[in-house]
Amino acid sequence: MSPLARIRALAPPSAVTAALIAVTVGVTSAAAIVFTAARAAGADTREVSSWMLALGVGIAVTSAGLSLRYKAPVLTSWSTPGAALLATSLTGVSMEKAVGAFVFSGVLILVSGLTGWFARIMDRIPVPLASALLAGVLLDFGTGLFSQMGGSFAIAFPVFALYLLARRLLPRYAVLLALGGGIVASVLTGGWHLERVRLSFAQLVFTSPEFDWKVLVSVGVPLFVVTMASQNLPGVAVLRASGYEVPVSPVLTWTGAVQAVLAPFGAFGLNLAAITAAICTGDEAHPDRRRRYLAAVWAGGFYLCVGLLGATVASLLTAMPHALVLAVAGVGLLATIEASLAGALSDPASREAAVVTFLATASGVTLLGIGSAFWGLLAGGLTSAVASAGRGRRRGATASAPVAGSVADSVTGSGERPAGQASRTEERASA
């Protein structure tokens, strides 16, 4: 194999592009929340950079390691809902006690993987509901492509138009060409503010954990619950909906262990990615689904770069036009949303439950600090259970129909059924 062919095998342009888009979406949508959470704990500039570096190292290790181990696009990320929780709950909590809560949450995730209870729950979720959950999670990004055309038409429309054109002519490079067109359009319209970018490298800062039971209960336990329900649950659903049967327990074991080790440096939460993982599991990442794991491996590498350049990334976020990020994410997720909706509605028996799951998840409702992914799945599961019970009662009514006919015969004193009874019985049977 020639050197060029070897490079193309290890770094397919579509996989590298998908990884770059996934990391860009993940960072631009959540890095500001991570910075806010760190500041709430009283972190200085060095400690904030350490948080980003620790998270980048953790994501790189788990994403690359697990993807290479299982030959599947297992992409991890930091817990965005967890960061939002910390931003409001760490006020007045010392950095040492906050780190103790991070370690505690990681140990709880580790125990979840070792005991296998979370995997047993996930094995009972029907594929149509998992597909509907994924479609609901991605809906905002799909509609974001078109909502941006209202205020940033000069950026969003070229991205969409180039994507459609490339899908017909160069489908493997459709998202890459759309990204390139969006960058050119945003530069021409003056959307970039590169004067804000500052180059700065991060360093790890160790903080000795302090375990205060009040902080463990008020911060550590909610962080664990939010991470499992709002991140790991839809993360597993993304993999299942895309046809990747990755063992859940070992994945949780590794993410929990890595979080516990890196927590003293600021890694507050590591979990399976959902939205960004969907970018790496779709056809746009690689036409051969067996090679899509390379997208997650490259994403891990890009996250490591983000960690090393934590402060620089923060300044770059302020320089990049947000419309470009949403438009490129929208076209990058179109195929995944299409496949998810098709999978959700494929089985007529579970179609209603899938629609309920999709709508509840897409609503974005948050109750008790837990995101809509959990409540959407709960609503869909409840709908499925009620529908199954209803079908069981109808089957029971159909089975007892001949007995009802014989009772009617005795009432009328003849061997004939009352007029219309036969047709009603057939209607119940067909129902």
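Trainee: How many cavities of 30 Å³ or more does a search of the whole structure find?
Mentor: The search finds 2. On a 1 Å grid over the protein atoms alone, a cavity is a set of points where a 1.4 Å probe fits but cannot get out. Grid points are joined across faces, edges and corners, and a volume is the space filled by probe spheres set on the points. Keep in mind that this is a predicted model: local features need pLDDT of at least 70, side-chain atom pairs count only at pLDDT 80 or more, and totals for chains, interfaces and linings use all residues. Residues are numbered from 1 along each chain as its sequence is written, and side-chain values use heavy atoms, with hydrogens and water left out.

Trainee: What volume does the largest cavity have?
Mentor: About 50 Å³.

Trainee: And which residues line the largest cavity?
Mentor: Val236, Leu239, Arg240, Val246, Pro247, Val248, Val251 and Leu272. A lining residue has an atom within 4 Å of a point. H10 and helix H11 (248-262) are the elements giving two or more residues to this lining. H10 has the largest share, 3 residues. Helices here are DSSP runs (H or I, at least four residues), numbered from the N terminus.

Trainee: How many salt bridges does the count come to?
Mentor: The count is 4. The rule asks for a side-chain nitrogen of Lys or Arg within 4 Å of a carboxyl oxygen of Asp or Glu. Another one pairs Lys97 with Asp212, with the closest N and O atoms 3.3 Å apart. Lys97 lies in helix H5 (residues 95-115) and Asp212 in the loop between helix H9 (174-188) and helix H10 (213-241), so the pair ties together parts 115 residues apart in sequence. Lys97 is partly exposed, at 24%.

Trainee: Which residue does Arg290 pair with?
Mentor: Asp288, at 3.2 Å from N to O. Arg290 is exposed at 62%, and Asp288 is partly exposed at 25%.

Trainee: Back to cavities. How much space lies in the second largest cavity?
Mentor: About 30 Å³. Its lining includes Glu47, Ser50, Trp51, Val205 and Phe265. Helix H3 (45-70) gives the most, with 3 residues. By class, the lining divides into 6 nonpolar, 3 polar and 1 charged.

Trainee: Where does Ser50 lie?
Mentor: In helix H3. Ser50 counts as buried, at 0% relative accessibility. The Ser50 side chain reaches the backbone nitrogen of Val205 at 2.8 Å.

Trainee: What else is Ser50 in contact with?
Mentor: Leaving aside neighbours within four places in sequence, Ser50 is in contact with Gln203, Leu204, Val205 and Phe265. Contact means heavy atoms within 4.5 Å.

Conventions
Buried means under 20% relative accessible area, exposed over 50%, partly exposed in between (1.4 Å probe, protein chains only). On a 1 Å grid over the protein atoms alone, a cavity is a set of points where a 1.4 Å probe fits but cannot get out, and a pocket is an open set with protein on both sides within 12 Å along at least five of seven lines; lining residues have an atom within 4 Å of a point. Ala, Val, Leu, Ile, Met, Phe, Trp, Tyr, Cys and Pro count as nonpolar, Asp, Glu, Lys and Arg as charged, and the others, Gly among them, as polar. A polar contact is a pair of N or O atoms within 3.5 Å; within protein, one must be able to donate a hydrogen and the other to accept it, and residues adjacent in sequence count only if both atoms are side-chain atoms.
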